[in-house]
Amino acid sequence: MTRVWKWNRPVTVREVLEDLQRERSIAYTTVMTVLDNLHQKGWVRRESEGRAYRYEAVSTRAAYAAALMNDAWSQSDNPAAALVAFFGMMSDEQRQALRDAIRIVQGPETTETPQPPETAPSNRARPKRRPPKRRPPNADPRNSGPAPGSAQDDHGR
């Protein structure tokens with residue numbers, strides 16, 4: 001997936017092969033098999049071009065990372081403790097990035113002070129709720145097989 005994300009455009013097996021061969025010896029059929037597996041798992045889509053296929057990532061690298069984090073967090077028997085432990089591992093820069101992300105998700109701060117329910121006027125407009133975030137393709141933890149690029153999948157690079 002790293003190679004497919006790198007170009008950010010549809011790529012052929014030959015292009016990925018030539019890029020990988022700069023670092024190590026690898027067979028064309030190995031690259032073809034990995035890209036076919038990624039296609040079967042829904043991580044890439046492909047279009048026929050002559051006798052070859054062009055492969056393109058279905059989701060971004062950020063969406064993939066988010067799906068991995070969500071999967072790991074959802075498997076915890078104590079999600080709050082898992083988050084505390086995760087935040088404790090973060091650098092100052094990562095914590096700042098987290099604060100920035102939370103601000104983006106929450107949107108602009110309101111200057112209104114919320115009123116207790118018993119004193120709130122009944123005709124007061126309710127703030128609009130955001131629809132739930134859609135999970136990236138194949139972020140479903142019930143999906144069979146390891147996620148591309150995971151520790152269980154050596155071919156995800």
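Mentor: The 13 residues of helix 3 should span 18 Å at 1.5 Å a residue, and the end C-alpha atoms are 18 Å apart, which agrees. The expected span is 1.5 Å times one less than the number of residues. Helices (H or I, at least four residues) and strands (E, at least two) are DSSP runs, numbered from the N terminus. This is a predicted model: local features need pLDDT of at least 70, side-chain atom pairs count only at pLDDT 80 or more, and totals for chains, interfaces and linings use all residues. Residues are numbered from 1 along each chain as its sequence is written, and side-chain values use heavy atoms, with hydrogens and water left out.

Trainee: Which residues of helix 3 are buried?

Mentor: An α-helix has 3.6 residues a turn, so residues three or four places apart point the same way. In helix 3, Val31, Val34, Leu35 and Leu38 are buried (under 20% relative accessible area; exposed is over 50%, partly exposed in between; 1.4 Å probe, protein chains only). They cover an arc of only 95° around the axis, which puts them on the same side of helix 3; the arc is that of the directions from the helix axis to the C-beta atoms.

Trainee: What do the buried residues of helix 3 pack against?

Mentor: Their partners are helix 1, helix 2, strand 2 (44-49) and strand 3, where contact means heavy atoms within 4.5 Å. Just after helix 3, Gly42 takes a positive phi of about 90°.
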